[in-house]
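Subject: A structure for you to look at

Hello,

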Amino acid sequence: MSLFFKWGGIALVMIGAMLVSREYESYLDKRICEYRGLVAMISHAESEIGKSLAYGEGLWSSFQSDELEKIGLLPLLRKGFSLKAAFDECKGKMTIARESKEEISELFATLGRGYRDSELRLLGEIKDSLSAELDLQSDAAEKNKKIARALLLGGALTVAIMGI
């Protein structure tokens, strides 16, 4: 019976390590999707302002992003919240880095104060900043996934070897 518990425990540790690894990968994928959604949202705003001078909730009425819907950003924008207010409201639900949240919030605070050309220039700057952050996070996410998987499975194998 002891041998059964030993091998069962080893199997549980291995399965646990794999599950934790998958959840971490899912978390990193969600982070990347949020960045992509923000970049797409800013591109959409840039396009709408450029062609029709749309503003307020009309600016976001035709934009769709599953990730931004889930965290509640788009519903708040459609209710008439400013971009900064809606973003600040949803910060706690987002998985993007804390420093990035603060930087994005500061950039969003400067929107809505100028004329069309200055707004388009500012949206372009925000989009470039978010795109650069997306590229950095994508590269880091792939490395972090591999490292986390190796460490978790290595630790589980160590426990398995010590159990034998």
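How many salt bridges does the structure hold? The count is ten. Please keep in mind that this is a predicted model.

Let me begin with the pairs that join the two long stretches of sequence. Arg149 and Glu25 meet through their side chains in a salt bridge, with 2.7 Å from N to O. Since Arg149 belongs to helix H7 (residues 116-163) and Glu25 to helix H1 (residues 2-52), this pair ties together parts that are 124 residues apart in sequence.

A second salt bridge brings the side chains of Glu46 and Lys127 together, at 2.9 Å from N to O. Here too a residue of helix H1, Glu46, is paired with one of helix H7, Lys127, so parts 81 residues apart in sequence are tied together. Lys127 counts as partly exposed, with 22% relative accessibility.

Glu125 pairs with Arg121, and their closest N and O atoms are 2.9 Å apart. Both sit in helix H7, four residues apart, which means about one helical turn separates them. Glu125 is partly exposed, at 38% relative accessibility. There is also a network of salt bridges that links Lys84, Asp88, Lys91 and Glu102.

Now to the nonpolar side of things. In soluble globular proteins, nonpolar side chains tend to be buried together. In this model the largest nonpolar core has 34 residues, and Leu38, Met41, Leu73 and Phe108 are those with the most contacts inside it. At least two residues of this core come from each of H1, helix H3 (66-71), helix H4 (73-78), H5, H6 and H7. The helix that gives the most is H1, with nine residues.

Which of its residues are buried? They are Leu83, Ala86, Phe87 and Cys90. Looking down the axis of H5, you will find these buried residues within an arc of 100°, so they line one face of the helix.

One of the lining residues deserves a last word. Glu103 has its place in helix H6 and is partly exposed, with a relative accessible area of 41%. Between Glu103 and Lys145 there are 42 residues of separation in sequence and 25 Å in space, C-alpha to C-alpha.

Best wishes

Note on methods
Residues are numbered from 1 along each chain as its sequence is written. This is a predicted model: local features need pLDDT of at least 70, side-chain atom pairs count only at pLDDT 80 or more; totals for chains, interfaces and linings use all residues. Side-chain values use heavy atoms; hydrogens and water are left out. A salt bridge is a side-chain nitrogen of Lys or Arg within 4 Å of a carboxyl oxygen of Asp or Glu. Buried means under 20% relative accessible area, exposed over 50%, partly exposed in between (1.4 Å probe, protein chains only). The arc is that of the directions from the helix axis to the C-beta atoms. A nonpolar core is a set of buried Ala, Val, Leu, Ile, Met, Phe, Trp, Tyr and Cys residues joined through side-chain atoms within 4.5 Å.
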